[in-house]
Amino acid sequence: MDFLLDASLFASTLRMVTPILLAALGGAICARVGLFNVGLEGLILIGAFSAIVGNHFTGNVLAAVLIAVLCSLLFSIIFGYMSIHLKANVIVVGIALNFLALGLTTFSLRAIFDVKGAYYNKDMVGLPKWDIPLLKDIPWLGDVLSGHSPLVYLSILLVIGLQYFLFKTVTGFRLLASGENPTAARSLGIKVSRIQYGAVLICGVLCGLAGAQLSLGNVTMFTEGMTSGRGFIALVATMLGQSNPIGVMASSMLFGFMDALSIRLQGFALPTHFTMMLPYIVTIIAMLFFKDKGYIQEARKSNESSR
Amino acid sequence: MLLQMDSITKSYGSVTANSQVQFSLNRGEIHALVGENGAGKTTLMRILYGMESPTSGEILLDGKAVSFASPADAIKHRIGMVHQHFMLFPTFTIAENIVIGREPSKGIGFDRKAAAAETERIGKLYGMPVDPWKKVADCSLGMQQRVEILKVLYQGAEVIILDEPTGVLTPLEVKELLVAIKGLAAQGKSFVLISHKLQEIMEVADRVTVLRDGKVTGTVDAKDTNAEDLSRLMVGRDLIHISRNEASRGKKVLEVAGLSIKGAKTKPVLTNISLHVDEGEIVGIAGISGNGQSELIQAISGLMKTDHGVIKLLGQDVTGASVGSIRERGLAHIPEDRYQWGVAKDATVTENGLMGHTDRHQKLGILNGSGIRGMVSEWVSRFGIKTGSLSTKAQFLSGGNLQKLIVARELAQHTPFLIAAEPTRGVDVGAMEIIHGELLKKRDEKGAILLISSELTEILKLSDRILIMYEGQIVGELDAESATEEQISLLMAGGKAVG
């Protein structure tokens, strides 16, 4: 098994997991304010595409990432306006945005780059790889943890930051309150819609970063529908992690690992389509173990009994 | 005078919820606000709490005109409200629930230790101790009520509005609450108390204002009035004293023998329950809520699986049968929690009335709309259900009116057996009178009724026989003629029957 579970497998796990983790954190913060954001997939796709567009026109990676964040942010404002302001069904809005994103990116790909299917340009610069001093010299661990894009490291810092924000700060506390019992929160003068908008915008930023990592970190290109379900996997990671940043990281790691493993297994003469099923089988099995353990159910149960 | 509401009028389109209402409150006073369901009490208090703005009229606080755009404004002016349905966060701790909105902080951090200390301090100060670190979901309803009041006090309220605070409490918790309110009033806090329970009002209130159809029909000193005068002001006429006819018992309708449910916890939920209800009698089950009554009715109506025992309806074994088939054989059920079991909130009055009556009003699967509307509108007029129209959504009806709709619907099944669980919870005296009258009428028409109620007066008024439940067992059976409230209370609390 040594050659199967070597350092590069774990390194690629980290790379694969970053887009999922970033989006799942966005999904978690939305779930915490009571908005189940099915539109993660679309938001990542928008981020991935606009990162390439930014890269192509500015030639600057930082500007490209900022443009990705900005575009996903704009897209998430649509989600927020529809679901918070117009009180549309969040699931419907999310699905609509996913299809909109798919169509929009495919169309723009042809309109801007005049290509079909994929855009690649050798002049484009991907995200830099950071070697972490000291860490990179540690055998094995250095191979796994060092040499990733800044977004990989940022995502881990974000986990810690969000965990602190949600459970240790006053604003985070109010955010949790708005999700748990919006009526009660409103009756206390907490501005629930403002908090919901905030959460949706943060989600937009995170999905923009996820998209940038996808199109500039893992590879340096954009292909139609290149998210290929990562947004939905992120959604599952959100639920599995109980919308808890640390928990979300753990479940994202599981999916990222299965993702990396499935690619690795292709080298062992296993059919591609079989190995590609692996992450999803694990998802279903994981859901079985976590049935009715969510904090939302818990809240709902106790709400019922107190009526 | 601390607070004055002057000529408050509130209209929604053509409906006037409050008309020229005058209401005042002195410092340290407990001022009760009573009236039938839909008389406009809650609307008036929502205006005071900034949740609604009045169409005309003004609010004076310490003689100065104020207007509240939101509850936050009202809180700033030291007005707090405890809602009928608790506004709590069940997965949060007591301390978190109390300090929310004005949390003690360290930088951007939420200082939970300080919150707990502060909670402990005000709990002691106001004589309502709580465990700050306990989750609200794990608290009894009485404790949750206490958390609500402490929250309002923590916000600095001088005027506290209590909307039906005792509706869900056990008799002991009610007593504690009333003592606490009196104590706070003695410390200078002022209370507006909305309640249907005239006895409680007579016990604590200094003054009483009665609303009927949005207008004030009288403001009186509590010491110059009595429960009967108040109900006359509320209903606008004298209440008819329901006379009970002699019970004429027939054959057994419901028989339960040796019924037990183990339940998930270590204590069994129901232990060896045996009872029977005969034609033409009302059997009342008294008990503090949570002693197995809910499980018993769920078992009888087929909603809950049983472990041992036999349930027979009209001589047929229905143990483990489906809800549908039990109802078909002759059971109607007024459920205890109207929102969870009784109605679909988003469905209209007509649709809610139709539930369970679909078979009678269909031909080849097509519903007969006019027949259904005729049936429901007959109920609306007979029970005096206040609703905008037949197509109003159930969620917009007040609790009492919803309850009347459910009672009408279940009585219209004309089944030999009826379970009536808390049939008048949250219902005003006028509606209570109608519901009680209808239940007794059903009994006189040879119906068998199993009545479950946490209101002793209701049990004593309606029942022919009284069973008392304690910790999942029937601990006593009393004849309604000779039973006294003391006897029942003692058995309900787990004591032994005397005499």
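## Strand pairing in chain B

Two strands are said to pair if DSSP finds at least two bridges between them. In this predicted model, strand E16 (residues 308–313) of chain B and E17(B) meet that condition, pairing in the antiparallel sense over two bridges. Within E17(B), Gln316(B) is the residue that Leu313(B) stands opposite.

These strands belong to an open sheet of four strands in chain B, whose order is E14-E13-E16-E17 and whose pairing is antiparallel. Strand E14 (270–278) and strand E17 (316–317) of chain B stand at the edges with a single partner strand each, and therefore one side of each is left without a neighbour in the sheet.

## The largest nonpolar core

The largest nonpolar core has 222 residues, and those that touch the most other members are Ala23(A), Leu25(A), Leu206(A), Leu193(B) and Leu451(B). Helix H9 (residues 192–218) of chain A gives this core its largest share, 14 residues. Because domain 1 (3–235) and domain 2 (252–492) of chain B both give residues to the core, it lies between them.

Leaving aside residues up to four places away in sequence, Leu25(A) touches Leu158(A), Val159(A), Leu162(A), Leu206(A), Pro245(A) and Val248(A).

## Contact between chains A and B

Where the chains meet, 22 residues of chain A are in contact with 24 residues of chain B. On the side of chain A that touches chain B, helix H7 (170–180), helix H8 (182–187) and helix H13 (295–305) of chain A each supply at least two residues, and the largest share, six residues, comes from H13(A). By residue class, this side of chain A divides into eight nonpolar, nine polar and five charged residues.

Note on methods
Residues numbered from 1 in each chain as written. Chains lettered and ligands numbered in written order. Predicted model: local features only at pLDDT ≥ 70, side-chain atom pairs only at ≥ 80, totals over all residues. Core = buried A, V, L, I, M, F, W, Y, C linked by C-beta atoms within 7 Å. Buried ≥ 20, exposed ≤ 12 C-beta atoms within 10 Å, placed from the backbone. Domains from an automatic or database assignment. Contact = placed C-beta atoms within 7 Å. Nonpolar A, V, L, I, M, F, W, Y, C, P; charged D, E, K, R; others polar.
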